Amino acid sequence: MKNIELEILHINEIENNYDLIIKNISKERKNKSKRYIKKNDELLSIGAGYFLLKYFKEKQIKISKNGKPYIEGGPCFNISHSNEYVIFAKSFDSEIGVDIEYISKENEDAIRYVLNESEKNNIKEEELFQMWTSKESLLKCDSKNILDIKNIPGLPLNGIKIYNGNKYYTNTFKYENYSISVTLKDSNPFNIKINKIIITD
């Protein structure tokens with residue numbers, strides 16, 4: 001069975017290594033991070049820049065018409081962040097999408113809004129955030145616009161989904177007080193391993 005490694009970076013690591021990261025990431029990433037009003041969001045954007053620098057030196061990265069970063073010839077990769085974590089996923093043989101969401105009562109109404117009728121009738125209350133990340137990871141895997149999310153299948157939370165005639169496989173799980181989903185444009189199941197990143201010089 002295929003293994004997908006997720007690298008997860010805590011905001012404290014970003015803040016403690018701010019000077020080291022900021023001097024090395026691209027000018028575009030620096031400018032993007034400065035546009036955030038909240039310090040927390042700025043740090044998470046810089047953390048995303050850390051992963052792009054670590055693997056791709058950023059200069060090779062292009063942006064699709066729907067805003068998904070990619071590299072011609074691969075590997076496929078995706079980045080997500082929420083609250084205190086940035087998460088990075090890559091795949092060498094299929095498109096990949098990843099989403100992380102902090103589980104918080106204040107976001108529940110917004111999540112319900114993007115569910116279709118079938119999902120509303122078949123989701124348990126405690127699975128609400130898992131549904132959100134399940135839908136968004138497929139959306140990001142397929143490079144769709146966020147406005148399409150209501151039409152993206154959220155169920156099953158774990159297993160094969162069919163969307164626009166294509167098969168996808170999603171794994172959804174909890175990590176601390178977060179929901180994380182990974183979707184591959186592939187019908188085969190896969191294992192997930194999480195690596196917590198410690199930044200060194």
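Modeller: Let us begin with a pair of strands: strand 1 (residues 2–10) and strand 10 run parallel and are joined by seven bridges. Two strands pair if DSSP finds at least two bridges between them, and helices (H or I, at least four residues) and strands (E, at least two) are DSSP runs numbered from the N terminus. This is a predicted model, in which local features need pLDDT of at least 70 and side-chain atom pairs pLDDT 80 or more, while totals for chains, interfaces and linings use all residues. Residues are numbered from 1 along each chain as its sequence is written, and side-chain values use heavy atoms, without hydrogens and water.

Colleague: Which residue is the bridge partner of Ile-8 in strand 10?

Modeller: The partner of Ile-8 there is Lys-196.

Colleague: In what order do the four strands form the open sheet?

Modeller: The order is 4-5-1-10, with mixed pairing. Strand 4 (76–82) and strand 10 (190–196) are the edge strands, each pairing on one side only.

Colleague: How many disulfides are there?

Modeller: A disulfide is a covalent bond between the sulfur atoms of two cysteines, and the rule used here asks for a pair of cysteine sulfur atoms within 2.5 Å. By this rule the count is zero. For Cys-76, the nearest cysteine sulfur is that of Cys-141, 8.2 Å away, and Cys-76 is in no disulfide.

Colleague: Is Cys-141 buried or exposed?

Modeller: Cys-141 counts as buried because its relative accessibility is 3%, where buried means under 20% relative accessible area, exposed over 50%, and partly exposed in between (1.4 Å probe, protein chains only).
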